[in-house]
Amino acid sequence: MTLDERYPSLPYLARAARRRVPFFAWEYLASGTGPETLLARNRAALDAVDLVPRVLRGRFTPDLSTELFGRSYSVPFGIGPVGLSGLMWPGTECILARTAARKGLPYALSTTANESPERIGPLAEGNGWFQLYTPVDPEIRADILKRARDNGFGTLVVTVDVPVGSRRERQLVAGVSVPPRFTPRTLFRAAIRPAWSLATLRHGIPRFRTLEKYFDTQTFAGAARQVGKVVDGRPDWEMMRRMRDAWPGPLVIKGILSEEDARRAVEMGADGIVVSNHGGRQFDAAPASITVLPGIVRAVGGKVKILFDSGIEGGLDIMRALHLGADFCLLGRAFLYGTAALGARGGDHVYDILRADLEANMVQLGAASIAALRAG
Ligand SMILES: Cc1cc2nc3c(=O)[nH]c(=O)nc-3n(C[C@H](O)[C@H](O)[C@H](O)COP(=O)(O)O)c2cc1C
């Protein structure tokens, strides 16, 4: 039996990941916020989007390639930014950067990832995007942008939907904390996941390699406490304008759910926005991203690119978002299910199953290209 047959879709991979990593790492990745209604609403709202198949279109192989910000990508989806990715599987950032380079899709490196732009930029071979939580100090801001640019990150993604750390109750119960607490319970949970524990021991405790040079302590506990001091969770439009002036390449604002904010992003000179509720992790009363997508598409009238995320679990969901007007999709958890379940092969495997699913369903729908999908 090949690996592909054992994990034909994301739910199978997610189950395998859950069995392979300690409970606290799983809860870190899977949790939403507060009562977690938004996780379920993201799913239900995507399921409610019907696509009406067209028939008698003859034999064709769908073309999945698409252009975004002047680059051609092999598929209309990319790998979204995930902080502390190394907690799920050590070296996840390197694995995903290599997948991005091999397969021709973008990989957004988080400010709070465990690897640095210096290490990841060259591995992504021009497919790297840099996700920024805006630093408070203008000198640190300028330095991070320079490091991203110098290492080949062409697109800047500024995340604006984390004004405060959210209360993720499952994480609290599971003992996920920054800095980590090594209690008998967490040590036991690590010990019963030997593959993860060995890989983590070999790789070392996750570090905040992008931010750590700005900290005045080198211990993980001290550094973790400083993340919140270095990055400013509450940037305003004036700050965005400064970011626009400072970044010569495409600039994307991530975490927009209101039509008015989308219009302001256009006025401010953004090249793209991500319609996102942060995978249901920040504000549980927020709308499912897919329900606000059509209104935002109308509001911006094609003036900026619209990216979509939150709740995508397969090719069908990507098709639903594109059908409702998105230009491109991002996936957060999906690629980490892959690395947690399959290690170094995980990134490529997630790409392969999403691609196969998308292609098969486009044939079912009668859509020969991404453009045809959008036009319905
Ligand atoms: C564990 C985890 C960590 C995340 N860290 C970041 C981050 O550092 N920066 C960011 O912009 N978004 C972050 N996100 C949000 C993702 O980029 C994305 O918006 C979300 O995961 C999309 O939903 P999905 O997981 O259902 O695909 C994180 C999401 C998860 C699940």
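## The ligand shell and the chain around it

Two helices, α3 (23-30) and α17 (333-342), each give at least two residues to the shell around the ligand. Helices here are DSSP runs of H or I with at least four residues, strands are runs of E with at least two, and both are numbered from the N terminus. Everything described comes from a predicted model, where local features need pLDDT of at least 70, side-chain atom pairs count only at pLDDT 80 or more, and totals for chains, interfaces and linings use all residues. Residue numbers start from 1 along each chain as its sequence is written.

Which residues come nearest to the ligand? Of the 23 residues around the ligand, they are G83, S110, T159, G279 and G332; a residue is near if its C-beta atom, placed from the backbone, lies within 6 Å.

| Feature of the protein chain | Value |
|---|---|
| Helices and strands | 19 helices and 10 strands |
| Buried residues | 50% of the 376 residues |

Buried means that 20 or more other C-beta atoms lie within 10 Å of a residue's own, exposed means 12 or fewer, and partly exposed lies in between, with C-beta atoms placed from the backbone.

E212 counts as partly exposed because it has 18 C-beta neighbours inside 10 Å. From C-alpha to C-alpha, E212 and V227 are 8.5 Å apart in space, and they are 15 residues apart in sequence.
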